[in-house]
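Okay, thanks for coming, everyone. I've got one structure to walk you through today, so let me put it up on the screen.

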Amino acid sequence: MKPLDSISFSSETETEAESVTTTVTTTMDNFSNSNNNNNNKHRRNNNNSNSEEDQQDPRVWRSLNTSFKQVQSVLDRNRVLIKQVNENHQSKIPDNMVKNVALIHEINGNISKVVNLYSDMSTNFSSAFHQRSKDSDGDRDSGDDA
């Protein structure tokens, strides 16, 4: 384990956190724009669409949007914690160095939260996609019988 005086959180760490924040925000915007474009294409291509299917998309996107906001909140908290760790480290005050241990543990816990949120989002999105695909296959099967 490194001694506390050799741990360094540079401005690169803050830049990486800002990059992740920008990526999350951009991804959210892209999902939203993609959803709007896909809904418009879907409505043009299939005027007889199932109302349950139309209502499923907004629920999925709302869920993703909520999850991205939770991720953003955790990343914002980590940014504040990283700044505090940097300030404590630069002060070289022994009490502040001890506080950094708890702050770093919280940062690590928050990273785990972000991983879990992304994992849940992936699972939920995949489930919705497969359910929609399954429903779509069922519609085609029933349409072939007519």
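Before anything else, a definition: pLDDT is the predictor's confidence in each residue, running from 0 to 100, and a contact here means heavy atoms within 4.5 Å. You need both, since this is a predicted model. Over residues 1–8 the pLDDT stays under 50, and the model has 7 contacts for that stretch beyond four places in sequence. Residues 41–50 also stay under 50, with 5 such contacts.

How does the chain do on average? The mean pLDDT is 74, and 55% of the residues score at least 70. Among the elements, helix α1, residues 11–45, has the lowest mean, 51, while helix α2, residues 51–91, has the highest, 89. Where pLDDT is low, the predicted coordinates should not be read in detail.

Let's start with the rings. How many aromatic pairs turn up in a search of the whole structure? There are 2. One is Trp61 with Phe125: the ring centres sit 6.0 Å apart and the planes are at 55°, so we call that pair tilted. Trp61 is in helix α2 and Phe125 is in helix α3, residues 94–144, so this pair ties together parts that are 64 residues apart in sequence. Trp61 counts as buried, at 16% relative accessibility, whereas Phe125 is partly exposed at 33%.

The other pair is Phe68 with Tyr118. Their ring centres are 6.3 Å apart with planes at 70°, and that's over the 60 degree cut-off, so the pair is edge-to-face. Again we go from α2, with Phe68, to α3, with Tyr118, so parts 50 residues apart in sequence get tied together. Phe68 is buried, with a relative accessible area of 5%, and Tyr118 is partly exposed at 32%.

Now, the packing. Which residues make up the largest nonpolar core? There are 11 of them: Val60, Trp61, Leu64, Phe68, Val71, Val74, Leu75, Val114, Leu117, Met121 and Ala128. You'll spot Trp61 and Phe68 from the ring pairs in that list. Both α2 and α3 give two or more residues to this core, and α2 has the largest share, with 7 residues. As a general point, in soluble globular proteins nonpolar side chains tend to be buried together.

Apart from that core there's another one, of 5 residues, including Leu81, Val85, Leu103 and Ile107.

Val85 also comes up with my next residue, Asn100, among whose contacts it is counted. Asn100 is found in helix α3. Buried or exposed, would you say, for Asn100? Buried, with a relative accessible area of 4%. Beyond four places in sequence, Asn100 touches Gln84, Val85, Asn88 and His89.

Last stop, the loop between α2 and α3, which is where you'll find Lys92. Lys92 has a positive phi of about 60°, although it is not a glycine. For context, most residues other than glycine have a negative phi. Lys92 counts as exposed, at 54% relative accessibility.

That's my tour; happy to go back to any of it.

Technical notes: Residues are numbered from 1 along each chain as its sequence is written. This is a predicted model: local features need pLDDT of at least 70, side-chain atom pairs count only at pLDDT 80 or more; totals for chains, interfaces and linings use all residues. Side-chain values use heavy atoms; hydrogens and water are left out. Helices (H or I, at least four residues) and strands (E, at least two) are DSSP runs, numbered from the N terminus. Rings of Phe, Tyr and Trp (its six-membered ring) pair if their centres lie within 6.5 Å; planes under 30 degrees apart count as stacked, over 60 as edge-to-face and the rest as tilted. Buried means under 20% relative accessible area, exposed over 50%, partly exposed in between (1.4 Å probe, protein chains only). A nonpolar core is a set of buried Ala, Val, Leu, Ile, Met, Phe, Trp, Tyr and Cys residues joined through side-chain atoms within 4.5 Å.
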